[in-house]
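I opened the model to look up its aromatic side chains. These are my notes.

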Amino acid sequence: MLFDRTNSTSSSTSTSSRSWPSSKVLAIECIRGTSRADEWSGGLLQTGDIVEEIQIGDLVLRSPFKDGNSGVQKQLHSCFKSKVTEIRVRVRRGEFDSAELSACIVPEGRKKRYVLRAIDDPNYAVAFFDRSEAECLKLQASRDSRLQHALNSTQIQDGYVVYPWERKMQTMLQVPYSSSFFSILFLPRASETGRGRYNDVEDTLARANAWLNASQASGVPIAFTNVQTESLLTKISGETASSTVSTSSLSDLPNLANASLYGFEDYHGVDIGVVRAIRLWYSPIQEYPIEINIEEGDVKLGFAVSRTEEGFIYISSVVEGDENAPSTRSGLSDLYKEASRDSNLVVISRVNNQKILPWIVSPSSGIQCYDTVSLSQKLSLHRHARAPLLFHVLLQDSRLVSQRSQSGPTPLAMPLWPSNQNQPPPPPPPTIHPGAGITITGDEIEIDLGLSRDTAGEESFRFHDFKLPADNWV
């Protein structure tokens, strides 16, 4: 009975449309999937669906379609030229299921082939194709396998976003065009056992930890953020090459676990070295901008600068009793007095948005930092030129710190002292008295009459004692 019904249907179809074979039907081909993948839920058209009806404005076309896809394309072209692009397509899926699509007619390609783009999702598009009914039913039955194939073959494509960097760097940073990420690089220390040898990574980490703890103990308001190894390429030869760890296979990799310097072999021997340095990242507790406007008659800025052993430049003294001094007008004197009461330092982090923090430790353990003498000269030139002076200072304000702790977690700092209860308590932080360069630590009094000069380099690092006051007044 089913065979007879099919034959009768085919016969009637052949009679109504002699120019198109009865075994062919107008089918749907999905050429671009929707961004929501709704075509697999049954509501949208799928590849292999058999078109039953097409409605374009007042024009209604029903299956069987004369000349198949070619005849439908002519109708789509005529409607598109008449600016009638809204179309509704009804399809048959299996024996009982059906679906509809509301779309618009869109030309595609040089041959003026017209496709249908969904109105509610422009990413989804389908086209008409001539297929046999048996092929369409086979495609409909293989929905699960086609879905699995689409799942495995679909790749997430990369995108491109035009980002307004200039505006973001101007408005979203505390200091425009400058980050608030501070770091210092520790190079491995040259070993005392022989030339060309360097201490291991653990020694470099210990020096970084000691530098941070000493900075915090001296009153520099910074907090630990992160620590990482940083690989630097260099050229090694001779005794240095023969004393380093050489890697040429996977079996040599365990020897590199704690090595600070290792080399690679090429046709001429070991000449490419990799130095494993340690970069320590830290963040300021608070960074304050201070602007000093120079007025006529200012003979001094009213403060002095010095440098800690760790390379930080700080305000060591402020003039007292002069209400008209630039340091008093800008509020620097009040910040200095508050920090001194808490045994903290007012560290200068930037001068005219240029960072002046220590940045590298050489293999001879010299800390490369900025010179206080040249900084004093630059500040004095600002005063002589009556140019506005903007600099930032690191300061630990207890009120601001409490507000920050309520709004969010503060960066964790390395412990300043071991938690062993059997060890004696650490000595109190040094109290710096303005004007004389005198440091009182516990019951001892130390008078520092030397200026630390920047002589850090690859081979030597030493302090020159000059017969000058410790503070550089500007």
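The entries below cover the aromatic pairs and then a surface patch.

Basis. I worked on a predicted model, in which local features need pLDDT of at least 70 and side-chain atom pairs count only at pLDDT 80 or more, while totals for chains, interfaces and linings use all residues. Residues are numbered from 1 along each chain as its sequence is written, and side-chain values use heavy atoms, with hydrogens and water left out.

Pairs. I searched the whole structure and got nine aromatic pairs (ring centres of Phe, Tyr or Trp, for Trp the six-membered ring, within 6.5 Å; planes under 30 degrees apart are stacked, over 60 edge-to-face, the rest tilted). One of them is Phe182 with Tyr282, a tilted pair at 5.9 Å centre to centre and 55° between the planes. Phe182 sits in strand β8 (residues 182-186) and Tyr282 in strand β12 (residues 269-284), 100 residues apart (strands are DSSP runs of E, at least two residues, and helices runs of H or I, at least four, numbered from the N terminus).

Second partner. I find the Tyr282 and Phe312 ring centres 6.3 Å apart with planes at 75°, so this pair is edge-to-face. Phe312 lies in the loop between β14 (303-307) and β15 (313-318), so the pair ties together parts 30 residues apart in sequence.

Burial. Phe182 is buried at 2% relative accessibility, Tyr282 is buried at 2% and Phe312 is buried at 0% (buried is under 20% relative accessible area, exposed over 50%, partly exposed in between; 1.4 Å probe, protein chains only).

Cluster. I noted one aromatic cluster made of Phe182, Phe186, Trp211, Tyr282 and Phe312.

Surface. Tyr163, in the loop between α4 (143-153) and α5 (165-171), is partly exposed at 40%.
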